[in-house]
Structure formats: structure tokens, C-alpha cells
Amino acid sequence: MAKKRYPETKILSKNFDKENSWTFDVARENGAYTMFEKALKEMTPDQVIEEVKTSRLRGRGGAGFPTGVKWSFVPKDVDKPKYLALNADESEPGTFKDRWLMELDPHMVLEGCLICAYATGLSTIYIYVRGEYPLSQERLWGAIREAEEKGFLGENIQGSGFSCNAYVHTGAGAYICGEETGLLESLEGKRGHPRIKPPFPAVEGAFGCPTVINNVETLAHVPWIIEHGGEAFAKQGIAPDPDNPRSNGSTGTKLFGVSGDIKTPGCWEFEFGITVKELLYDYAGGPLDGREIKAVIPGGLSMPVLTADELDVPMGFDDLVKVGSGLGTACAIVMDDTCCMVEASENIAHFFADESCGQCTPCREGCHWMEKIFKKFNANQGTRSDLDLLEGLFVNIEGRTICALADAAVWPLRSIIRKFRHEFVAKMTPEEQAAEKEAQAEKARETAGVS
Amino acid sequence: MSATPPRAPAAAPKDVEARQPAPTPVAFPPAALKDECEAILSRYPTRQAALIPILLLAQGHYDNWVSPEVEAGVAEYIGVSDSHVRGVLSFYSMFNLKPAGKHEVWVCRTLTCWLRGAAKLRDTALEKAQAERAGVVGEDGKFLVKNMECLGLCEVAPAVFVDGVAHTNVTNEKLVELMDACE
């Protein structure tokens, strides 16, 4: 009997294949804004936050921070205005899940924002959409106008006394503006240089005021949590590790994407727990004809690669960390046996060199160094000491900068040169290749001698 | 003791002559953008926050690039320095600081699109544009081809934008067709 396919669970994606799913009428027919009304009329803001905490919902933008906890950091009694900055600057390579949500169900996104606004007592929502997503911007503006007309945005919403406005803010092309404090700088009309934390945005964010920053997909989950309760959400997916008191598990559903060298790239929604292999073979159709999968970055570009032998691992926050990688945005990029890992490394290094904001020296200089070294290998001029130099660079870049962009550059590259060293050796000069061969033989003799 | 030879007058720093006079700011906003600029400004607690959306508008209005005169005009309107505006313009990849040709072609170069053949698309685009490299307008001033980092269209890679419109699963033939269709 054929193995049963891991089932899809359509919560965020329930309206994706409906005609005109982005219009108010279709969304409303499918329940849009009813959970916002429920929260407004039947729940206190604290109850909403408690429900989200109970759900163990973790941020879907890559970092996986517990959402309810983040909301509870927002001070209650302040004279200043408070803001929600919805992070829709989805610039992580290989990642397109938020675009699907914004284009196909902008009202669900907006409802999540409104519930968050009510829970944290804020009245202005900025949706920071990257400039390269014109359709997302158009659909979100459309949703905002419709919600205003129907009385779900604006002054005194549904007679509750709660007022809230929403605006789309357009980015202009910078990966770093997906970093939460880079986003805030950009929202304030500056270069997107990430800020040193603390102060954390929940206390001092946009315009010096308390600010909640959440990913699009994160907030799209919130209406379901209000409808079914945090406990029902926490029952889905992967429960926290009972042996690890700090584990939050990977609860609920998630949009998983696949792109690259694969037969049917796309985006599907599952409860956490599907393995990388199931996702790639049962849903994304497996490798292209006559090819074999060589390496997979499980979440965006910024996580360590998995080799073809390492794919039998659940797509979960903790599970992928356990095998030395990470969930990231849960949108996998697949490379097959026609892909040269050295050339791929150059491509990856170029991305980070290009997108480094330039504030911190290790990142600004280091990313270019790495790119140059990979270029040298691709000209068949690599040496063994270049690989050592790269290892040294990794140590001097990782963890030594204001934001995580530098770490994001190191992680995939370090894993590639460790797991695919032979491909780098094949691009060394003949003398270096001979020396490497000799060194390997020496190592083998030593090992044999010891045992 | 020999007399000190008279000191030659200090040579002017090399870049002094090359330095351009301060640009004359354009009157910003032009009538066509006035309402929209005011609507944008009304959304934020500070005028500066409106800078990026307004610069995008301005770029669209003034032939797809931001000249020093437009830059100065926007700076005056928003109430920030010219250098702040230049800093912002040079940070974000969607702004053009030089005349941008009649049509702008973005070719995604990041991993997924690269795996799906984007490098070849870029070469084709550059050849059609008669441009020596990405980011430079071609000889006839018709096309500006830009290498862009991930455009978020990975499930339908490789992706190309022509004048702000996304095209997906682009083949060489399709790209040639798209560029031929530009007048």
C-alpha cells in the first residue's frame, strides 16, 4: 500500500482558491471580521493576549519569537501613541508565502492586525510592504478602503469606542528592511540601518513610541485562535519538548513553500510535522526528470543547508535546529545535482554583500571577502588556505554585528563548505589538489594507526 | 643659511573645479502630485516618514529618475537636508540617480531564479539593451537593465519585471518578445 500523504490543513489558505477571494464580499461570506467583532464585544484586551500566549503561536518571519509574549511587552499606560508595524517586507530569498496571503486574502491579514491592535491598545497600523510587491500593495489598499466603508476601520469601530486606522507603507528595495529595527528606520524615512537593542521596539519603536512588529503570516493566524481558542491551536503541530522547559514547540499550521530545482514549486499549508522529504516529494513533485536532489536550504536563504541524506526531519522550529539547520521562513530552496555548490556559494555571498547595510565592519567587509574568495575558486584558483581563511572569516563575522544579517550570511556558506568540501577541492589549483589529497591520505593513515 | 624659497600658493584641491554648483530645486510638488503628496504626509506623525513614498512618486513623475534638482525640491518640501535625501536614494535599489532610459527591466539574480536560468536572461537583456553591464543604460538610451535581488516570485522563477510589471516563468524567447514590445 502506498504511504499515506501528510494531510493539508487549510486555515490560512482556506480562501486561496475561491474566486475574487481578496474582495470584502467573498471574505465576509467566509467569516472575515467576525472574530474581530467577537474580540471587541466579548473579550478584554488581556484575554486576547492570554489566548494568543496559550496558543504558543511563534513568529512566522524567521525568528520564531512567541507572539503573545511580544504583545505583553507593550506598556499599557503610556501617554504616547502606539503603533503596529506589520512586516510585509518579505525579502528573504525563496520566500513568497506572505505574498500569497496579501494577494489572496488581505482581509484575513487585516483582521489579524485589528485584533492585535485591540489587544495591545494601539490605533495606527502601518503595513510595510516591499516595493517589489505592487499587487500586494494594491490588494491591501483595496481591503483597507473596503474595511473603512464597512465600518471595520476608522473611528469608533462597530460602536465599540475602539478606533484604528491602517495604511500601506511602500518600501523601495532593501533586504535589511525586513529586520525589525531596519524596518522602523525605513518607516521613519531613513536608510534602513538596524538599531542596537535595547530599547526594544515594544517600548521604543517607530517615532520613539511603543511598537508591535509582527510578520504577515503570524497575524493571519490570530482570527482562528480567537475562534477556536489558544488550546486548540496549541494541539496542532509539534508539542513543546517536555524535557526542555524553554521549548515552545511548533504549534499550529504553517505555509510551506518550495522553489528551485523541483518539479512543481508552490506553497501549501500543513500542521507542523511534515518532513522536508514529504514536502519535496509528496507535494513539490520531487526532482526534475533524470536529476537528483543534492542540497536543500529549508527556510529561505539564511539557514544552513541539508544534504540529500538529511531530509527525513520534520519542518519545525526545534527539530531543524537539532539537525544543525533552522526553519527560517519555511520556504525551501532546492538544488539538484546539476548545481555547482561553489557557484551557488558565490551567488549567495553576492546577495549578502549586496544587501549588507554597511553599518558594521565585519558584515560590510566580510561579505565581500567571502564573495571574492568564492570567485577565486570559480576561476579554479582556490587554495586550501582560502578555505581556512573562510573559516576564520565566519568566526569573525558571526555574532559580531548589530543585526542577524551577518549570521544569515555565514550559516548557509559555512555549512556548504563543510558538507561539500570536495567540490571546493575540485576547483583548487592542481598543486593544491595534490596537497589536499596527500593531507587526506595522511589523515587516513593516522586514523588507521590509532585504531 | 639659505633663504627659504618663497612658498608656492597651495594648489586648489583637485575636486574643487569639478564640484557642481548647488542644484536649483524644482518646485515640488508639481500640481499633478500635490493631492497625493498631501495624503501621504497626513498618514504619519513626522514629515520625514513620508520621504520614501514621495520619492517613489517623484521618480515616477520625472522620467523614472531622481535628478539633483528633484532631490533638492523634495528635500525642501519634506524639510530635510539634501544629503539626507541622497542617503536614502542611494540606499534603496529601486531609485535611479541617473537618467534611466525609456524602459526599466529588472532581472532577479538570487538563488532560485539563478538555478532556473536567470544568468542567461540577464545576458540576453543586456545584449538587447546594448548595455555593457547591469545598472547602465544601453547605447540608444532605451533600456536600463538592473540586476535585482530576490523579487519574491520564486515559485514561478525565473522572474523579470518590465516597467514595474511582473513576468514569471520567463524564457529567453519571452524576454526578447517583452523587450521588443517596448516602444
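**Close-ups of a helix pair and some salt bridges**

**View 1. A one-turn pairing in helix H5 of chain A.** Arg99(A) and Glu103(A) sit 4 residues apart in helix H5 (residues 97–104) of chain A, so about one helical turn separates them. Helices here are DSSP runs (H or I, at least four residues), numbered from the N terminus. The two form a salt bridge, with the closest N and O atoms 3.4 Å apart; that term needs a side-chain nitrogen of Lys or Arg within 4 Å of a carboxyl oxygen of Asp or Glu. Both Arg99(A) and Glu103(A) are buried (buried is under 20% relative accessible area, exposed over 50%, partly exposed in between; 1.4 Å probe, protein chains only).

This is a predicted model: local features need pLDDT of at least 70, side-chain atom pairs count only at pLDDT 80 or more, and totals for chains, interfaces and linings use all residues. Residues are numbered from 1 along each chain as its sequence is written, chains are lettered from A and ligands numbered from 1 in the order in which they are written, and side-chain values use heavy atoms, leaving out hydrogens and water.

**View 2. Arg28(A) meets Glu37(A) in a salt bridge.** Their closest N and O atoms are 3.3 Å apart. Arg28(A) is partly exposed at 29% relative accessible area, while Glu37(A) is buried at 16%.

**View 3. Glu38(B) and Lys34(B) pair within helix H2 (residues 31–41) of chain B.** Here the closest N and O atoms are 3.2 Å apart. Glu38(B) is partly exposed, at 40% relative accessibility, and Lys34(B) is partly exposed with a relative accessible area of 40%.

**View 4. Lys97(A), Asp98(A), Glu217(A) and Lys254(A) link up in a salt-bridge network.** Over all chains, the count comes to 40 salt bridges.

Note on methods: Helix = DSSP H or I, 4+ residues; strand = E, 2+ residues; numbered from the N terminus.
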